[in-house]
Amino acid sequence: MTELAPLPTVTSAERQTLEEFLDYFRSVFARKVAGIDDTQARVRVGASDLDLLGLARHMAGVERWWFSQALDGSDAPELWVNPTDADDADADFHHQPSDTIAEATAALHAAITESRRRVAAHASLDDVTAIDVGPPDNPARYGRRSLRWLLVHLIEEYARHCGHADLLRETVDGVTGD
Amino acid sequence: MTELAADPELVPQADEATVLHSFLDYYRSVYLRKAEGLTEPQARTTIEPSELTVLGLIRHMAEVERGWFRRRTGGDLSAGFIYCDDVDPDRDFHPATGDTLVDALRTLVAEIEASRAATAGVGPDDLMKGVPPQQRIPGWQPNLRWVMVHMIEEYARHVGHLDLLRERIDGATGD
């Protein structure tokens, strides 16, 4: 079973607090997508087309995008490509019948390890991304993001998707909590 | 209709306090928007086996806002629990038959305003006041930084719940 990270310490400085919250939610998310089979990973709820397999693939791609490609300007390739539509920007969510949760979680854990290595190499939260980050039709719109901004964004993105995963996992096998 | 707060993407290189307030206010606005326009029966819809509802979630965050900000940050000891009590510490999630979404939303908006007043002039390193009875662990006093990050992730996670509830209710998605 994937270990739950320690609860974030409550009187720490900025960087330690942000890194501890991010690691905590990485571990909560990893637990939500652990211990399920490939059928369970495709269960949907309500009217949404989200499933745990798509979410696991998505967060692996999010890690690579923000910390490798944006922060450091790495030319690491996209993790997920839709074999029937090479331009599909949502190839992470549009998985194929042969895609597996094992492959997705392995990619997620590898991406997290890579992200931690890259973040540790930055001395300041004021360091900015190597590239402008904006919408596809206007990439320079918001300019470069600080590492501070990235860490807070990743915390809320993981947390929101943990909310999706909460309801999906409870539907799959009744498991709740962190 | 609640306006969506300014996107945090507009402050990509701001200082700590600005970034935290921006993300928190953004999620507060998303949260309120997820509940707007729903009928009372819609606000009680569930995705089984989960018991979460839009009404329960709206009530919950009003309680959370009051506990962390008006009471612990601002030190207003007159601000007790809104919904919860010793008999049912999760009564925020357990509305009675006559409780309404309209009232719950009005209460949450008021608590958010009180929270903004309580955090004005408080620095990230300042410690929460250890006010009884909500300091369940003696000596456990987070700083405002921890509280702000915690509130961002708590809103965000519950927005995830609201995303799936709202989509089931009427198909609406997004922020």
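**Exercise 1.** Does Glu167(B) count as buried or exposed, going by its C-beta neighbours inside 10 Å?

Solution. Step 1: take the cut-offs, under which a residue is buried if 20 or more other C-beta atoms lie within 10 Å of its own, exposed if 12 or fewer, and partly exposed in between, with C-beta atoms placed from the backbone. Step 2: Glu167(B) has 20 C-beta neighbours inside 10 Å, so Glu167(B) counts as buried.

The model is predicted: local features need pLDDT of at least 70 and side-chain atom pairs count only at pLDDT 80 or more, while totals for chains, interfaces and linings use all residues. Residues are numbered from 1 along each chain as its sequence is written, and chains are lettered from A and ligands numbered from 1 in the order in which they are written.

**Exercise 2.** Place Glu167(B) in its chain and list its contacts beyond the neighbours within four places in sequence.

Solution. Step 1: find the element. Glu167(B) lies in helix α4 of chain B; helices (H or I, at least four residues) and strands (E, at least two) are DSSP runs, numbered from the N terminus. Step 2: apply the contact rule, by which two residues are in contact if their C-beta atoms, placed from the backbone, lie within 7 Å. Step 3: read off the partners. In chain A, Glu167(B) is in contact with Gly46(A), Ala47(A) and Ser48(A), and in chain B with Ala172(B) and Thr173(B), leaving aside neighbours within four places in sequence. Glu167(B) and Glu3(B) are 20 Å apart in space, C-alpha to C-alpha, and 164 residues apart in sequence.

**Exercise 3.** Compare the span of helix α4 of chain B with the expected span, and state what follows the helix.

Solution. Step 1: the expected span of a helix is 1.5 Å times one less than its number of residues. Step 2: α4(B) covers residues 144–170, which is 27 residues, and the expected value is 39 Å. Step 3: from first C-alpha to last, α4(B) reaches 37 Å, close to that value. Step 4: as for burial, 23 of the 27 residues of α4(B) are buried, so the helix is mostly covered. Step 5: Gly171(B) follows α4(B) and has a positive phi, near 85°.

**Exercise 4.** How do helices α1 and α3 of chain B lie relative to each other?

Solution. Step 1: axes are lines fitted to C-alpha atoms, for helices over the stretch in contact, and angles run from 0 to 180 degrees between N-to-C directions. Step 2: the axes of α1 (residues 16–35) and α3 (residues 101–119) of chain B come within 11 Å and cross at roughly 170°. Step 3: that makes α1(B) roughly antiparallel to α3(B), where angles under 35 degrees count as roughly parallel, over 145 as roughly antiparallel, 65 to 115 as roughly perpendicular and the rest as oblique. Step 4: name the residues that meet. From α1(B) they are Arg28(B), Leu32(B) and Ala35(B), and from α3(B) they are Leu101(B), Leu105(B), Leu108(B) and Ile112(B). Step 5: these divide into six nonpolar, no polar and one charged. Here Ala, Val, Leu, Ile, Met, Phe, Trp, Tyr, Cys and Pro count as nonpolar, Asp, Glu, Lys and Arg as charged, and the others, Gly among them, as polar.

**Exercise 5.** Which peptide bond from a Glu to a Pro in chain B is cis, and where does the proline lie?

Solution. Step 1: the bond from Glu48(B) to Pro49(B) is cis, with omega near 5°. Step 2: Pro49(B) is in the loop between α1 and α2 (54–73) of chain B.

**Exercise 6.** Describe the side of chain A that touches chain B.

Solution. Step 1: the contact takes 34 residues from chain A and 31 residues from chain B. Step 2: in chain A, α1 (14–32) and α4 (147–173) are the elements that give two or more residues. Step 3: α4(A) gives the most, with 15 residues. Step 4: this side of chain A divides into 15 nonpolar, eleven polar and eight charged residues.
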